[in-house]
Amino acid sequence: MGRNLQSGLAGRERLRPVDLARAHSLSTQAVRNYEEAGILPAAERTAAGYRVYTPLHAAALSAFLALVPGHGHGTAAAIMRAVNGGADDEAFRLVDGSHAQLLDDRRTLQAVESALRELELTAGRGAAGSGSGAGASGGGSGAWPEGGSGWGTRPGGEPGTGAVPRPGRGTGAGSGPGLNVGPGLSAEPGLSAGPGAGGGSGAAPPSDGGTFIGPLARKLGIRPATLRAWEDAGLVRPPRDPRTGYRVYDEAAVRDARLVHQLRRGGYPLERIAPLLDRVRTAGGLEPLEGTLRDWHARLSARGRALLAGAAELEAYLRARG
């Protein structure tokens, strides 16, 4: 703790714990706690054992309180402990880390905005193409920019035979390019059950609109297994067709899949995408997110200014310390 050296205080301004507390709108116990945590330098003691602080302690406390808004309490405390322990390089590394995190958060926001713009464009193209004469019964769900149903319809918009595929069996039917699911694997509509499984019996559209996993995977240029992985992670929540039990990607599920796809292409891990999708779902769609995005921008700007303010106070403390 502090040194019991009365002579060490000669010629220096003495501050009581209550003086620091009042100047920073804190309790005296909080000041003592900060000292014990290493956020403040150890206080010297009078002969009677009372703590005596100096303007250097006041500068340290000002620096810590200025660092908290930008870095968070834990990182701000670690920065001050490093400085007070003579590990300036470690303190600067922690400061750099917070700036790097802010930059990464800005990039995430930019990727989100880019993904949302792409979703708005595809939604607009879907609305424009929904009446373009695809002509397929059950087509034009609005989930696709081209307006077609994506069920593997025959040329001219004629749907397939309308046969309902049974769960756990390959459709083996007119599903377009398709993807081989391999022997022994259950195929969902739009997936080829393997070599030689051609034919013209296209799968019927879901009873309540939407699209199956195969057509959606092809639209996004990914494998159906990727969509299933996103579903397992809770990022995409397709309901099931009541007749067949197959996944049916409705408008909301398609939106989520497209958003996840954009963010994954930007290199963002699944665990960082989940909170964003929760915002989309809570807002009820993309349009209400405008306010959320403005708030996000404002928070990032506030953090940037807070980092600057904290750096200024930390530099003042470093100069005072000498």
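This is a predicted model: local features need pLDDT of at least 70, side-chain atom pairs count only at pLDDT 80 or more; totals for chains, interfaces and linings use all residues.
The protein chain holds 10 helices and two strands. Read from the N terminus, the order of elements is α-α-β-β-α-α-α-α-α-α-α-α.

Of the 322 residues in the protein chain, 41% are buried. The accessible surface of the chain is about 16,000 Å², and carbon and sulfur atoms supply 52% of that area. Among contacts with a separation of 6 or more, 61% are between residues 24 or more positions apart.

The whole structure contains 10 salt bridges. One of them pairs Glu35 with Arg51, with 2.9 Å between the closest N and O atoms. This pair links distant parts of the chain, since Glu35 belongs to helix H2 (residues 28-36) and Arg51 to strand E2 (residues 51-52), 16 residues apart. Both partners are covered: Glu35 has a relative accessibility of 6% and counts as buried, and Arg51 is buried too, with a relative accessible area of 15%. The cut-off for buried is under 20% relative accessible area, so the 15% of Arg51 falls within the buried class.

A second salt bridge joins Arg93 and Glu90, and here the closest N and O atoms are 2.8 Å apart. Both residues lie in helix H5 (residues 88-129), and because they are three residues apart, about one helical turn separates them. Arg93 is partly exposed at 48% relative accessibility, and Glu90 is partly exposed with a relative accessible area of 32%.

Another such pair sits in helix H10 (residues 289-321), where Arg319 and Glu315 are four residues apart and therefore separated by about one helical turn. The closest N and O atoms of this salt bridge are 3.6 Å apart. Arg319 counts as exposed, at 57% relative accessibility, because the class begins over 50%. Glu315, with a relative accessible area of 38%, is partly exposed. Elsewhere, salt bridges that share partners join Glu35, Glu36 and Arg51 into one network.

Helix H4 (residues 73-84) has 12 residues, and the distance from its first C-alpha to its last is 16 Å, close to the 16 Å expected at 1.5 Å a residue. Buried residues in H4 are Ala76, Ala77, Ile79, Met80, Ala82 and Val83. After H4 comes Gly86, which has a positive phi near 80 degrees.

The last topic is helix packing. Two packed helices are described by the angle between their axes and the distance between the axes. For helix H6 (residues 213-220) and helix H7 (residues 224-232), the angle is about 105 degrees and the axes are 8 Å apart. H6 and H7 are therefore roughly perpendicular to each other, because angles of 65 to 115 degrees fall in that class. On the H6 side, the contact is made by Ile213, Leu216, Ala217 and Leu220. On the H7 side, Pro224, Leu227, Arg228 and Trp230 take part.

Terms used:
Residues are numbered from 1 along each chain as its sequence is written. Side-chain values use heavy atoms; hydrogens and water are left out. Buried means under 20% relative accessible area, exposed over 50%, partly exposed in between (1.4 Å probe, protein chains only). Contact means heavy atoms within 4.5 Å. Accessible areas come from the Shrake-Rupley method with a 1.4 Å probe; for residues, only the protein chains shown count as cover. A salt bridge is a side-chain nitrogen of Lys or Arg within 4 Å of a carboxyl oxygen of Asp or Glu. The expected span of a helix is 1.5 Å times one less than its number of residues. Axes are lines fitted to C-alpha atoms, for helices over the stretch in contact, and angles run from 0 to 180 degrees between N-to-C directions. Angles under 35 degrees count as roughly parallel, over 145 as roughly antiparallel, 65 to 115 as roughly perpendicular and the rest as oblique.
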